[in-house]
Amino acid sequence: MTDEATETPSERGAPPTLPRTTGTTTRLRTVPALEAAMFALFRTTSLAAAALTMGLTAGLFYGYACSVMLALGKVDDRTFVDVMQRINTAIINGWFALGFGGAAVFAVISAALHWRGDGRSVLPWIVAAIVLYGVMFVITGAVNVPLNNDLAAAGDPASITDLAGLRAHFEGTWVRWNIVRAVASTAAFGCLAWALVLEGRLR
């Protein structure tokens with residue numbers, strides 16, 4: 001037998017034969033990476049949704065503070081009571097619930113998704129937003145809603161004998177605390193906006 005017959009392919013200059021691999025290893029590496037990418041996407045989406053709905057809520061209260069209540073402050077007592085009663089009835093709808101309730105739901109979901117891993121650095125800002133939302137929620141439930149209910153319980157403005165007294169009971173307190181909840185919800189929106197910036201730096 002000659003030396004040529006005993007030469008390996010690599011010794012004859014032929015490219016070495018590489019071992020065949022199956023797709024198993026590739027799939028094992030791809031699945032965790034895909035899961036991590038989907039988790040990061042869901043985490044960011046929940047944070048963006050929280051910021052959006054919080055911004056809508058803050059904008060609502062800001063709109064009351066800088067336009068609606070200023071305009072109503074210049075009308076007569078009967079018009080004031082009548083318009084506020086109509087506003088308080090009309091605002092109970094799905095769009096309001098989406099912003100007001102969605103802000104809390106999405107913020108809590110976002111906090112849960114940022115509880116572990118690299119997202120934990122963003123968590124303090126989300127928690128701060130939730131606390132500020134809580135301040136706004138308590139003010140709304142303890143001050144503004146009861147005043148709205150008092151206004152509704154007074155009945156038809158045409159049959160109210162003391163419109164001036166009802167307005168005095170309602171207006172000043174409602175306006176002051178609406179400004180406070182506007183500030184709280186705007187600060188919460190700011191916290192979530194900054195959390196989004198930090199979230200973007202994680203990528």
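Predicted model: local features only at pLDDT ≥ 70, side-chain atom pairs only at ≥ 80, totals over all residues.
Reader: How many helices and strands does the chain have?

Author: Helices (H or I, at least four residues) and strands (E, at least two) are DSSP runs, numbered from the N terminus. Here there are six helices and zero strands, so the order from the N terminus is α-α-α-α-α-α.

Reader: What share of the residues counts as buried?

Author: Buried means under 20% relative accessible area, exposed over 50%, and partly exposed in between (1.4 Å probe, protein chains only). Of the 203 residues, 32% count as buried. Accessible areas come from the Shrake-Rupley method with a 1.4 Å probe; for residues, only the protein chains shown count as cover. The chain's accessible surface is about 12200 Å², and 68% of that belongs to carbon and sulfur atoms.

Reader: Which residues have the most contacts inside the largest nonpolar core?

Author: A nonpolar core is a set of buried Ala, Val, Leu, Ile, Met, Phe, Trp, Tyr and Cys residues joined through side-chain atoms within 4.5 Å. The largest one has 37 residues, and M84 and L192 have the most contacts inside it. Two or more residues come from each of helix 2, helix 3 (77-90), helix 4 (94-113), helix 5 (123-153) and helix 6 (163-201). Helix 6 gives the most, with 11 residues.

Reader: What is L192 in contact with?

Author: Contact means heavy atoms within 4.5 Å. Leaving aside neighbours within four places in sequence, L192 is in contact with L47, A50, A51, M54, I126 and A129.

Reader: Is S110 buried or exposed?

Author: S110, in helix 4, has 0% relative accessibility and counts as buried. With neighbours within four places set aside, the contacts of S110 are R43, S46, L47 and I126.

Reader: How many salt bridges does the structure hold?

Author: A salt bridge is a side-chain nitrogen of Lys or Arg within 4 Å of a carboxyl oxygen of Asp or Glu. The structure holds five. In one of them R43 pairs with D118, the closest N and O atoms being 3.0 Å apart. R43 is in helix 2 and D118 in the loop between helix 4 and helix 5, so this pair ties together parts 75 residues apart in sequence. R43 is buried at 5% relative accessibility, whereas D118 is partly exposed at 44%.

Reader: Where do R167 and D77 lie?

Author: R167 and D77 form a salt bridge of 3.0 Å, N to O. R167 lies in helix 6 and D77 in helix 3, so the pair ties together parts 90 residues apart in sequence. R167 also bridges to E171, with the closest N and O atoms 2.9 Å apart. Those two residues, E171 and R167, both lie in helix 6, four residues apart, about one turn of the helix.

Reader: How many disulfides are there?

Author: A disulfide is a pair of cysteine sulfur atoms within 2.5 Å. The structure holds zero. Of the cysteines, C66 is partly exposed at 36% relative accessibility, and C191 is buried at 10%.

Technical notes
Residues numbered from 1 in each chain as written. Heavy atoms only, no water.
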